[in-house]
Amino acid sequence: MRVLVALFTLSLLGLPPGNSLAGPPVPGISEVSGTIRGGEARVRFTLRNAFTPEMVEALKSGIEITFKSTVEVERVYRRWFNRPMGQVRYTRSVRYDALSRVYRLHRDDGDELLADVLAALDRMTRFEVVVPVTGEVEKGKPHRARVRAKLDKVGLSEPLRSIVFFSSLWDVETEWARGELQSQ
């Protein structure tokens with residue numbers, strides 16, 4: 001009887017018996033931290049689960065992959081509205097150059113050549129971003145960074161962009177993540 005109830009419940013959910021409810025890992029932002037002083041904040045964060053195996057294979061075959069991140073800095077008040085202090089949009093892309101056999105990492109603050117795919121993936125997912133801030137930074141008062149990242153599908157070539165539109169394997173967009181900033 002219990003087996004019939006379990007099979008009936010799974011059929012209502014639209015799942016064949018034996019399939020796992022766990023899907024692919026969800027992309028996200030972790031380890032948001034940093035410092036704020038004077039007219040700038042330095043925000044560090046890690047983009048996790050950003051590259052599916054299909055994306056890594058596309059990267060190895062020369063497809064350029066670009067992520068756009070938004071970093072916001074705010075002064076936190078208790079029981080009151082937080083005050084925005086600065087925002088920056090940051091772009092990072094990587095592409096394999098078959099002629100020189102290196103991965104070209106392009107950041108807003110410069111380019112870098114990397115020898116292997118693991119180094120390229122690591123540099124694509126670990127960030128330290130400088131955010132210009134306005135207003136006075138009050139030492140000892142709480143400040144926070146909010147971060148979000150998204151795969152830039154516009155930069156992909158046309159045939160791949162059409163395929164990506166219908167594939168959830170390339171839907172990489174994170175929720176907002178927060179982290180405290182140390183005021184100095």
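Reader: Where does D152 lie?

Author: D152 lies in the loop between β8 and α4 (158-165); helices (H or I, at least four residues) and strands (E, at least two) are DSSP runs, numbered from the N terminus. This is a predicted model, in which local features need pLDDT of at least 70, side-chain atom pairs count only at pLDDT 80 or more, and totals for chains, interfaces and linings use all residues. Residues are numbered from 1 along each chain as its sequence is written, and side-chain values use heavy atoms, with hydrogens and water left out.

Reader: Why is D152 called buried?

Author: Buried means under 20% relative accessible area, exposed over 50%, and partly exposed in between (1.4 Å probe, protein chains only). D152 has a relative accessible area of 16%, so D152 is buried.

Reader: What makes K68 and D152 a salt bridge?

Author: The term requires a side-chain nitrogen of Lys or Arg within 4 Å of a carboxyl oxygen of Asp or Glu. The closest N and O atoms of K68 and D152 are 3.9 Å apart, and the pair forms a salt bridge. K68 is in strand β3 and D152 in the loop between β8 and α4, so the pair ties together parts 84 residues apart in sequence. K68 has 43% relative accessibility and therefore counts as partly exposed.

Reader: Which residues does D152 contact, leaving aside its neighbours within four places in sequence?

Author: They are T66, F67 and K68, where contact means heavy atoms within 4.5 Å.

Reader: How do you know that R144 and E74 are joined, and why are they called buried?

Author: Their closest N and O atoms are 3.0 Å apart, in a salt bridge. R144 lies in strand β8 and E74 in strand β3, so this pair ties together parts 70 residues apart in sequence. R144 has a relative accessible area of 12%, so R144 is buried; E74, at 13%, therefore counts as buried.

Reader: What makes β3 and β8 a pair of strands?

Author: Two strands pair if DSSP finds at least two bridges between them. Strand β3 (residues 65-75) and β8 are joined by 9 bridges and run antiparallel. V73 has A145 as its bridge partner in β8.

Reader: Where is confidence lowest in the protein chain, and where is it highest?

Author: pLDDT is the predictor's confidence in each residue, from 0 to 100. Confidence is lowest in helix α1 (residues 2-13), at a mean of 46, and highest in strand β2 (residues 40-48), at 96.
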